[in-house]
Amino acid sequence: MEECALDTSIRTLGPCKLESRLPYRTWADDKSIQIFVDEELSEHKGEACVLSFEAAGPRKKLYFDSSRAKCAIVTCGGLCPGINDVIRAIVMEAYHAYKVPSIVGIPYGLEGFIPKYRHSLRELTPEVVADIHRFGGTILGSSRGPQSPEEIVDTLERCNVNALFVIGGDGTMKAALSISREIQSRGLKITVIGIPKTIDNDINFIPQSFGFETAVFKATEAIECAHTEACGTPNGIGLVRLMGRESGFIAARATLALKEVNFVLIPEAPFILEGEGGLLPALEERLRDRGHAVIVAAEGAGQHLLEHNAGTDASGNPVLGEIADLLRKEIHRYLNDREIEHSIKYIDPSYIIRSVPANANDKVYCGFLGQYAVHAAMAGRTDMVVAKLQDRYVHLPLQLVTRTRRKLNIYSDLWRAVLESTGQGMLKGMLPPE
């Protein structure tokens with residue numbers, strides 16, 4: 001198996017000359033982890049390869065004198081289960097393991113760096129973060145939208161920050177890369193470490209982001225409720241809209257977790273409403289056969305059926321049409337035309353799913369991410385994110401994770417399993433072309 005040509009090297013601020021005082025007997029120095037990467041991650045359809053990654057973990061030699069260092073943490077974008085757990089892990093590791101004297105929280109995302117917003121920085125101590133992992137959301141607040149990298153770096157300079165930890169999704173990682181480039185252009189010695197966060201699980205090269213498992217679990221609760229409602233009325237239809245702008249991972253995983261779903265619609269698999277292989281005839285057949293049905297739709301599904309909107313939101317994402325409104329309207333019309341009595345129960349649990357505390361597995365995951373992020377920062381690594389690949393924690397360059405957004409591969413075993421679970425393989429567009 002040949003190695004891929006992708007560059008996985010990690011930039012450093014300079015040579016590490018200071019002895020670490022951590023009492024460990026195992027170190028990550030010079031460890032290279034070889035990982036088999038399938039075609040979905042390697043970005044080459046039909047190909048698989050082996051990549052070498054720098055191992056995450058503590059180093060014998062440090063770049064920063066941690067007892068004199070200052071760290072900053074910022075959370076950006078939408079909420080996701082586990083953000084507080086990551087914040088807590090960073091603070092506890094920096095304070096207790098490295099004796100970092102000052103860790104500040106930047107309020108309300110990148111806005112917190114910009115003087116005109118007049119947000120006050122928040123000093124984060126073990127006492128402040130002791131119980132935050134019990135709650136959803138982020139104690140620092142968040143915001144969307146770009147801010148000036150020059151003004152952000154001005155604030156980092158004024159505050160004498162040595163290490164910036166950026167928790168966010170695809171757009172946030174791109175912003176982190178811009179901030180790091182501005183830092184580099186000024187010749188400053190400030191490390192930028194990303195912790196990938198996305199409830200849609202769509203960050204490139206990250207097989208599963210933190211909080212995703214929790215989100216899937218909460219989504220199954222909504223699907224179960226939709227199924228109960230659908231079964232309680234003649235020709236009942238439970239319609240659940242889940243998050244997933246460009247990637248249908250939550251919808252697919254929740255469908256597999258709960259076998260009550262009959263149709264799952266995702267952005268990666270276009271579908272038609274009427275005619276041979278259409279959703280509506282298949283739904284009619286399902287109702288005549290079983291008397292109820294459950295449909296799960298990712299928010300970005302079926303955009304080809306909706307009017308195009310050229311606008312973008314604060315994060316620069318295209319404004320989506322509302323697939324749930326279209327489905328409700330078209331289902332009512334289609335079944336009424338055929339004089340089929342029916343009832344649609346619509347559930348949108350989006351903000352519940354993203355606002356809950358992380359489950360036990362995600363809490364463990366978040367703890368590792370926070371600890372490894374601090375190890376990387378103190379060793380002078382920069383322009384990188386901490387990631388978990390095949391149960392190994394590694395360093396990934398920001399350039400790699402921001403190349404594109406990860407999408408569900410409709411040629412994969414995952415999508416095949418979804419089609420087998422729902423039985424919707426008869427729908428046109430759901431199966432990839434031969």
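Start with one pair of residues. Val-240 stands opposite Ile-347, and Ile-347 belongs to β14. Now widen the view. Strand β11 covers residues 236–242. Five bridges join β11 to β14, and the two run parallel. Keep in mind that this is a predicted model.

Next, the sheet around them. Four strands make an open sheet, in the order β12-β13-β11-β14, with parallel pairing. Which strands stand at the edges? They are β12, residues 263–265, and β14, residues 343–347. Each has a single partner strand, so one side of each is left without a neighbour in the sheet.

Now the helices. Helix α8, residues 279–290, lies across β11, β12 and β13. Strand β13 is residues 292–298, and α8 runs at about 150° to β13. Then there is helix α9, residues 323–337, which packs on the sheet. Helix α9 touches β11, β12, β13 and β14. Its direction makes about 165° with that of β11.

Let's step back to the whole chain. The count is 13 helices and 17 strands. The C-alpha trace spans about 75 × 55 × 40 Å along its principal axes.

Of the 434 residues, 57% count as buried. The chain exposes about 18800 Å², and carbon and sulfur atoms supply 48% of that.

Methods:
Residues numbered from 1 in each chain as written. Predicted model: local features only at pLDDT ≥ 70, side-chain atom pairs only at ≥ 80, totals over all residues. Heavy atoms only, no water. Pairing = 2+ DSSP bridges. Contact = heavy atoms within 4.5 Å. Axes fitted to C-alpha atoms, helices over the stretch in contact; angles between N-to-C directions. Buried < 20%, exposed > 50% of the residue type's maximum accessible area, 1.4 Å probe, protein only. Areas by Shrake-Rupley, 256 points an atom, 1.4 Å probe, with all protein chains shown as cover.
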